[in-house]
Amino acid sequence: MPNHTLALDVGPNTLRAALVERTLRTQRVLGLYSHARAPGGDLASDVRALAAAHSLSWDEVVSALPGDAVTHRILDLPFHDRKRLDQTVPFELEAHLPFELEDTVVDFQVLARNDDGSSQVLAVSAPKKAVREHLAALAAAGIDPRLVDLTSLASLNVVREAAANRGGRIAFVALDAGRTTVALLADGRLTGLRVVSHGVADGGDLERCLREVRWSLLALAGGEPLTSLWVGGDAADTPGAMAALGRTLGTTPQSLDTLTLAAVPITLRAKQAAFATPLGLALRQAGDGSPFGIDL
């Protein structure tokens, strides 16, 4: 029997959602939906309004916290053993935290297991307060999410589809209204991730945003040339943003809208960039390959 998953992206100005139908062998996106949020608006009311406007129903919900609400680091550790990783990662991450370890929720994803017995992991820590508030807001709408991911990781699952048949160094830039995400993948493996609490809609300062992107990619890529640059995010269609990004980085950016994703109907592909986060959350559920994801 088909299972229907609602993937939610809770932005400051807009609530976005992807509804996905899954069976044991197939997955298809049924719709991409949005609802404008009032400043400081009630999330429960927004979810109910979204569901009512589009007559939505679902079996489970997955959601995500904003990338700038968490601390993350890529760590190199000299072992593979899961139990040792469980014990070690929180303490390795502790030195980078602006708060006490007991006040945080920690999770990690193994990015690589090397032949020499070492591992590379993406470690993520979120304040318990932020997680509790997010869950409480959803609970008020009658929702108990199956998992809470990270927005910056979720959107990478869309880029993962682009990287599947391409080698080399692939950069992804998510231009959102309130934040900017910059990620680097080498042969499909995440090697760098940065989230800046500044977006293209902050005072209309596109140039400042692009400077952050440029310096972030210089730091992550070490000046090495990129194979391709993909762009998504809810503000990716800001007039002049794509052209300005190309000039700043000296390469031709490609919109996630141009990707052919098997689970996305042709009629919805023009929304792939703006809905990268909920779409990536949904694609994570397919279970194929090695999807990016954290469960906070």
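Two strands are said to pair if DSSP finds at least two bridges between them, and the strands themselves (E, at least two residues) are, like the helices (H or I, at least four residues), DSSP runs numbered from the N terminus. The views below show a predicted model, in which local features need pLDDT of at least 70 and side-chain atom pairs count only at pLDDT 80 or more, while totals for chains, interfaces and linings use all residues. Residues are numbered from 1 along each chain as its sequence is written, and side-chain values use heavy atoms, with hydrogens and water left out.

View 1. Strand E10 (residues 180-186) and strand E11 (residues 189-196) run antiparallel and are joined by seven bridges. Thr180 has Val196 in E11 as its bridge partner, and Thr181 stands opposite Val195 in E11. Two residues lie between the strands of this hairpin, where Asp187 takes a positive phi near 50°.

View 2. Five strands form an open sheet in the order E11-E10-E9-E12-E13, and their pairing is mixed. E11 and strand E13 (253-255) are the edge strands, each of which pairs on one side only. From one strand to the next the twist averages 20°, where axes are lines fitted to C-alpha atoms (for helices, over the stretch in contact) and angles run from 0 to 180 degrees between N-to-C directions. In a regular strand the side chains alternate between the two faces of the sheet.

**View 3. Helices H5 and H6 on this sheet.** H5 lies across strand E9 (169-175), E10 and E11, running at about 25° to E10, with contact meaning heavy atoms within 4.5 Å. H6 lies across E9, strand E12 (228-232) and E13, and runs at about 150° to E13.

**View 4. The crossing of H5 and H6.** Two packed helices are described by the angle between their axes and the distance between the axes. The axes of helix H5 (residues 206-221) and helix H6 (residues 241-249) come within 10 Å and cross at roughly 40°. H5 and H6 are therefore oblique to each other, given that angles under 35 degrees count as roughly parallel, over 145 as roughly antiparallel, 65 to 115 as roughly perpendicular and the rest as oblique. Leu206, Leu210, Val213, Arg214 and Leu217 in H5 meet Ala241, Ala244, Leu245, Thr248 and Leu249 in H6. Sorted by class, this contact of H5 with H6 has eight nonpolar residues, one polar and one charged, where Ala, Val, Leu, Ile, Met, Phe, Trp, Tyr, Cys and Pro count as nonpolar, Asp, Glu, Lys and Arg as charged, and the others, Gly among them, as polar.
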